[in-house]
Amino acid sequence: MKGRVFQFNMRNMIFTGLSILILIALVACGGAAAVTEPTGAEPGAEGEAAQAAGEFEEYIYFGLNHELTGAFPIIGESSKQGVDMAVNEINANGGIVVDGKAYGLAYKALDNGFNTDQSAVNAQEFADDEQIVAMIGPNDSDMCMATQAIVTEEEMVAITPWSTLVVLTDSPWYFRACFDDSFQGEILAKYAYEYEDAKTAAILYDMSNPYNEGIASRFNEVYTQLGGTVVEYLSYNGKTGETDFTSQMTKIAAAQPDILLLPNFYEEIIAQTTQARDMGYTGKFMGSDTWGDSSLLEWDTENLLEGALWVGHYHKDVASDAALEFIANYHEIYGTEKDPNDIVALNYDAVYLLKTAIENAGSFERSAIRDGMLAIDQFVGVTGTMTFNKGNGTPTKSAVINQISDGQFKYLDTIVP
Amino acid sequence: MNINIIIQQVINFLQLGSIYALCALSFTMVYGVARLVNFAHGSIFGVSMYVLFFASTFLFERIKSPWFVYVIVLIIASVVTSLIALLLESAAYKPLKNAPKIAVVVSSVGAGMAIQYLILNLAGSKALRMPALIPNLRIELAGIPVPLYKIMVIVIAILTMVILNVIIKGTRLGVAMRAVSQDRIAAGFMGIDTGRVVSASFVFGAVIASVAASLYGTAYSIFAYDVGEGIIWWSFIAAVLGGIGSISGAVLGGYIIGAISIIAPILLPVSSYKDIVAFAVLIIVLLVKPTGLMGKKDIEKI
């Protein structure tokens, strides 16, 4: 148009547009990464218990690197709940005794916004902060991987509550409170083939996350070895906000396998199972430990998940007394009737693992904590009994097979490695 | 591949393509008339999802007829999003009328994020499931049971496009919109109130986004506060592919992206390569025809 000062042509406009989109992405990531003030069990910060017993002269600080905002904010929320419960409880019960002196436990939380770059920045910030003795989190595998090099280089112990990514504990400084994907994929494959007598299976997984990919590939491997046939091995890119899986589901429905494995985040499961049924799939669904959120049951208004199986970390029907007490406390503290999900429980255990390590080491020096972790030979957590006898940061612990029936997660079986 | 699977995949394509086409259309409306790349549009879509959710949850407890509820909540969502779009226009765009284009674009990004985080703070981070706005029935189509919602998504989307076409081609407002789109200054000389026409384009964009949101919610059910982010990506790409500002281009772009999303996973050995195919097609089209498939050379200058 004539008479205008700003003459862009179409091509420039598109490039501008695309750069703006990149800008959005960057700002969105950066914006999510607000620094949180030290929170939790600071005296007077949260919880009367902490306040009442909060006579500690000194506090031992750890860093909490969690997914408070971003694609799956429920992870960060659950993580904070579990950590707060454990920290407040520890402080109410006299804190951590090192060399005859009682210290309070406190943490500094940094939100990683479900963003790998920010996860790394947070880890570096914790590493540079001399007060911080160790890091708890992140929970998601992608986020953890982004911090692995930093904690290894800086020689600081990191305990991930929930990341089941196998290669994470290749670092001598990374520990976890859960089993790994290799175990999870293996259990699912064995259970499907041996107990469910399923001879054919299909897999649809989000290839943009190593968690989903790890379980899918391990399942594929073990299931094939056992003699089963994986008829369709399909993927999608979760990073583009994918919600339409109809093309893949039509293929899967045409093959009608006995089992459809969906090792994906629970928020995606309803869309996936609905579309599978709409395309005519009639077999059974199987899932991984991300399924363990009761929202899945609330959303399943058409009972499409009836009979579905998923592998989890614990179940209250077979819970120890300590775990039952934990569940009851959770109901009371958060004023809900919902049971704590796996993330809450594993974060709670992760804090106690750290406490045990510090007590074992008799010191809260960073390197001493690692020795303290490796010295744990049997840790009884709410999610089960763990031993670190593999010489690395992955514990040996049992898994629970859950079945969805009558709108509930029912206990089906325990698998001991 | 047997015929049943082909029919199913064609329906899948039409369903996804219709939703992309509507989203691209709503995105392109504002650009076509106001020459503004409105990145806040994804958030308008998000607001629409939440209004539809809360209104339909409220109404379903009182009224049992789903079609009636559908129409009512669509009207409510359209009104609310139109008001927000108008507010956005007067707060974030009009004051920047004489500023460089890039400032307006950045302003739209900022406004969009402000709305998105407002949703996050008001409605929380937890994902929600949209109530079934279209009755959960199955109909027989050439011997295959097809869920009714899939057919309705296609029908409602095409109906919306036809109505829009009639308005653009046949009404005074439509003529004024086309005039402003062709030459805003000349249109002003001809006595057209260009400011009002631009406002009308924001309202049109918001209403079409609400229709798109209702179909999206019906088809994919689970959503969270950031639902608009993925949508804005694909509608922007579809709009650019078809020729941004061009209405038929947006529809064409939407169906092309839909077709790639369905066909690529069938043909490619790795189904997740479909995004790469979509972007490769975008780049190739832009290299061959920088204005997009239906873009006109004389409209493109700003």
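1. A crossing of two helices is called right-handed if the near helix is turned clockwise from the far one by less than a right angle, and left-handed if the turn is anticlockwise. The model discussed below is a predicted one.

2. In chain B, helix α2(B), residues 41–60, and helix α3(B), residues 66–93, have axes that come within 9 Å and cross at roughly 145°, and the crossing by which α2(B) passes α3(B) is right-handed. Residues that make the contact include B:Ile44, B:Val47, B:Val51 and B:Leu52 from α2(B), and B:Val69, B:Ile72, B:Val73 and B:Ile76 from α3(B). By class, the contact residues of this helix pair comprise 15 nonpolar and three polar, with no charged residue.

3. Chain A contains an open sheet of six strands, whose order is β2-β3-β1-β4-β5-β6 and whose pairing is mixed. Its edges are β2 (96–98) and β6 (174–176) of chain A, each of which pairs on one side only, and neighbouring strands are turned against each other by 35° on average, with direction ignored.

4. Helix α4(A), residues 116–128, lies across β1 (59–66), β3 (101–111) and β4 (132–136) of chain A and runs at about 170° to β1(A), while helix α5(A), residues 141–154, lies across β1, β4, β5 and β6 of chain A and runs at about 165° to β5(A).

Conventions:
Residues numbered from 1 in each chain as written. Chains lettered and ligands numbered in written order. Predicted model: local features only at pLDDT ≥ 70, side-chain atom pairs only at ≥ 80, totals over all residues. Pairing = 2+ DSSP bridges. Helix = DSSP H or I, 4+ residues; strand = E, 2+ residues; numbered from the N terminus. Axes fitted to C-alpha atoms, helices over the stretch in contact; angles between N-to-C directions. Contact = placed C-beta atoms within 7 Å. Nonpolar A, V, L, I, M, F, W, Y, C, P; charged D, E, K, R; others polar.
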